[in-house]
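Welcome! Have a look at the structure below, and then let us walk through a few of its helices together.

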Amino acid sequence: MIRLTQELANGIVFRGISVDDFNKAELAIGKELAKLIRSTNYPYAEDLVYALSILIEHDHWVINNVARYGFNGLLSRINERALNEAGDTSVYLMATAFAWYSATAAVLGLIKEFRGVNRDALAQWSRAYAEELNAYIDTLDLLINDETYKTLKEEGVIT
């Protein structure tokens, strides 16, 4: 999935794949993967599906905002308005991805040797980390939007 997402993202830049096509392709992959996870009847399958949905939402957020503001425009907004939040987002992105990939690999039988208690903890952690990641995506969305940022500054919510 990581390789395919990277190829799709590279296609937007190098081969002219539209942002909409990228979003649709990644969503289709995610739906199939969610079906596969659910088909295992694993007790924490919904935790893994939720984490997957937030990982996809993060990808869409990045791609859509690069398309909206341009790469430099997005980076300058983050640098000027949300550097700490972007750092925290990265921490939760990596934690979510690690916990999700590790637990999902065990659930889908891609790895044979693991402790069930570790797999279960990672599945539950993936959801908890994804919830934090989702909150940070929402926060970044507020801070990079020019209109919202201006209003927050005028109201004294941010300095």
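Leaving aside its neighbours within four places in sequence, S126 is in contact (heavy atoms within 4.5 Å) with D47, L48, A51, T96, A99 and W100. This is a predicted model, in which local features need pLDDT of at least 70 and side-chain atom pairs count only at pLDDT 80 or more, while totals for chains, interfaces and linings use all residues. Residues are numbered from 1 along each chain as its sequence is written, and side-chain values use heavy atoms, with hydrogens and water left out.

- S126 belongs to helix α6, residues 116–144; helices are DSSP runs of H or I with at least four residues, numbered from the N terminus.
- With 0% relative accessibility, S126 counts as buried, a term for under 20% relative accessible area, while exposed stands for over 50% and partly exposed for anything in between (1.4 Å probe, protein chains only).
- T89 sits in helix α5, residues 83–107, and is buried too, at a relative accessible area of 4%.
- A polar atom of the T89 side chain lies 2.7 Å from the backbone oxygen of E85.
- Beyond its neighbours within four places in sequence, T89 touches H58, L133, Y136 and L140.

**Where α3 meets α4**

- Helix α3 (residues 45–69) packs against helix α4 (residues 71–81) at an angle of about 110°, and their axes are 6 Å apart; axes are lines fitted to C-alpha atoms, for helices over the stretch in contact, and angles run from 0 to 180 degrees between N-to-C directions.
- That angle makes α3 roughly perpendicular to α4, the word used for 65 to 115 degrees, with under 35 being roughly parallel, over 145 roughly antiparallel and the rest oblique.
- From α3, the contact draws on W61, V62, N65, V66 and Y69, and from α4 on F71, G73, L74 and R77.

**The two sides of α4**

- The buried residues in α4 are G73, L74, R77 and I78.
- Seen down the axis of α4, these buried residues fall within an arc of 130°, so they line one face of the helix; the arc is that of the directions from the helix axis to the C-beta atoms.
- An α-helix has 3.6 residues a turn, so residues three or four places apart point the same way.
- F71, N72, N79 and E80 are exposed on the other side of α4.
- The cover over the buried residues of α4 includes α3, α5, α6 and α7 (146–154).

**Around α7**

- After α7 comes G156, with a positive phi near 75°.

Key. Polar contact = N/O pair within 3.5 Å; in protein donor to acceptor, adjacent residues only side chain to side chain.
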